[in-house]
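Here is a friendly walk through a model with two chains to explore. Have the viewer open as you read, and follow along one element at a time.

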Amino acid sequence: MRVPILRLGRVLLTSLPADLTDQQVMDLQIDALALIQAGKADGLVIDITAADVVDSYMARILSETAKMVTIMGGVAVLAGMQPAVALTLVEMGRGMIDMETAFDLEGGVAKVARLVASRGGRHDEVPIA
Amino acid sequence: MTKSRSPDRSASEPAVGTETHAVVEIRVQNDILLARQASRKAAAALGFGTVDQTRLATIVSELTRNALTYAGGGACRVLTRLTAQERCIVIEVEDQGPGIADVTGALARGYSTGGGVGLGLAAVHKLMDDMTIETRPGRTLVRTGMTRRR
């Protein structure tokens, strides 16, 4: 089963279930990139509140997804990481997660909106004087 | 040829009093999740805290994925030992794959390679108290343990 991606305004929202196969993580990456490319959204918030394991594979796919979204012109934010998961990732080594983060979904949405606005929006509009 | 490496305290053979808590055959991706759940359950039953449960579930994920990716599958055993002084969980992941050509390299490479076998094994080494690797073409056994005082 694919992880559902919701759209709220110009932001895509997705919440990862507690247990996720490698294929589901990969499908999520493809689905999110397709939606952003199609002009449906400028950014993506991935909520991992429910995830009790983020291993090196998942960390790599999430970080790569964020990089892909960024070089396409968008913003991706990881939200809601559990303390035990953060601790484990730090112990595993430097740079396991290389992307924007937020405490929770609300903070993630706000961060996407702010980062997109700071660049002048999707089409880099010139501000009206 | 058998290569073995024990960076810290050696976990050579399972000690007396070791119980097999669960055995999960690794054949498809979903089996990684089952092995993860089994290890977390065993850790919780032994009174390990949330952080240790997370460490264990994470290394089980790394090791079983390696077995699936590089050997097409294998088996994951969750062993527990309870003594008057200590609680111990040992994870054994065995496969019949081609073996690890360069164990020291696989452990040393770390995250900088951006993936591959080194990343997972290096993570296991960091999260657990001890680890031994026996590998040759046709059989690889990774045994790693976590010990806490009672």
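## The layout of chain B

Along its sequence, chain B reads β-α-α-β-β-α-α-β-β, a total of 4 helices and 5 strands. Helices (H or I, at least four residues) and strands (E, at least two) are DSSP runs, numbered from the N terminus. The model is predicted, so to speak of local features takes pLDDT of at least 70 and side-chain atom pairs count only at pLDDT 80 or more, while totals for chains, interfaces and linings use all residues. Residues are numbered from 1 along each chain as its sequence is written, and chains are lettered from A and ligands numbered from 1 in the order in which they are written.

How much of chain B is buried? Of its 150 residues, 45% are buried, where buried stands for 20 or more other C-beta atoms within 10 Å of a residue's own, exposed for 12 or fewer, and partly exposed for what lies in between, with C-beta atoms placed from the backbone. Among contacts in chain B with a separation of 6 or more, 67% are between residues 24 or more positions apart. A contact here is a pair of residues whose C-beta atoms, placed from the backbone, lie within 7 Å.

## The sheet of chain B

The 5 strands of chain B form an open sheet in the order 1-2-3-5-4, with antiparallel pairing; two strands pair if DSSP finds at least two bridges between them. Strand 1 (18-26) and strand 4 (130-136) of chain B are the edge strands, each pairing on one side only. From one strand to the next the twist averages 15°, and angles run from 0 to 180 degrees between N-to-C directions, with axes as lines fitted to C-alpha atoms, for helices over the stretch in contact.

Now for the pairs. Strand 1 and strand 2 of chain B run antiparallel and share 8 bridges, with B:Val23 partnered by B:Arg77 of strand 2. Strand 2 and strand 3 of chain B are also antiparallel, joined by 8 bridges, and a hairpin of 3 residues connects them. On strand 3, B:Cys88 stands opposite B:Arg81. Strand 4 of chain B has 7 bridges to strand 5 (residues 139-149), again antiparallel, and B:Glu134 faces B:Leu141 of strand 5.

Helix 2 (residues 50-71) of chain B packs on this sheet, where it touches strand 1, strand 2, strand 3 and strand 5, and its direction makes about 15° with that of strand 3. Helix 1 (residues 29-45) of chain B lies across strand 1, strand 2 (74-82) and strand 3 (86-95), running at about 165° to strand 1.

## The sheet of chain A

Chain A has an open sheet too, of 5 strands in the order 1-2-3-4-5, with mixed pairing. Strand 1 (6-8) and strand 5 (100-102) of chain A each have a single partner strand, so one side of each is left without a neighbour in the sheet. Here the twist averages 30° from one strand to the next. Strand 1 of chain A runs antiparallel to strand 2 (residues 11-15), with 3 bridges between them; A:Leu6 has A:Leu13 as its bridge partner.

Helix 2 of chain A packs on the sheet against strand 3 (43-47), strand 4 (75-79) and strand 5, its direction at about 150° to that of strand 4. Helix 4 (residues 105-118) of chain A touches strand 1, strand 2, strand 3, strand 4 and strand 5, and makes about 160° with the direction of strand 4.

## Two helices side by side in chain A

How do helix 1 and helix 2 of chain A lie relative to each other? The axes of helix 1 (residues 22-37) and helix 2 (residues 56-72) of chain A come within 10 Å and cross at roughly 10°. These two helices of chain A are therefore roughly parallel to each other: angles under 35 degrees count as roughly parallel, over 145 as roughly antiparallel, 65 to 115 as roughly perpendicular and the rest as oblique.

The contact includes A:Val25, A:Leu33 and A:Ile36 of helix 1 and A:Ile61, A:Met68 and A:Val69 of helix 2 of chain A. Its residues divide into 11 nonpolar, 3 polar and 1 charged. In this count Ala, Val, Leu, Ile, Met, Phe, Trp, Tyr, Cys and Pro are nonpolar, Asp, Glu, Lys and Arg are charged, and the others, Gly among them, are polar.

## Where the chains meet, and the core

The contact between the chains takes 20 residues from chain A and 22 residues from chain B. On the side of chain A, helix 3 gives the most, with 6 residues, and the residues there divide into 7 nonpolar, 6 polar and 7 charged.

The largest nonpolar core has 71 residues, and those with the most contacts inside it include A:Val45 and B:Ile59. Such a core is a set of buried Ala, Val, Leu, Ile, Met, Phe, Trp, Tyr and Cys residues joined through C-beta atoms within 7 Å. Helix 2 of chain B gives the most to this core, with 7 residues.

Notes: Two residues are in contact if their C-beta atoms, placed from the backbone, lie within 7 Å.
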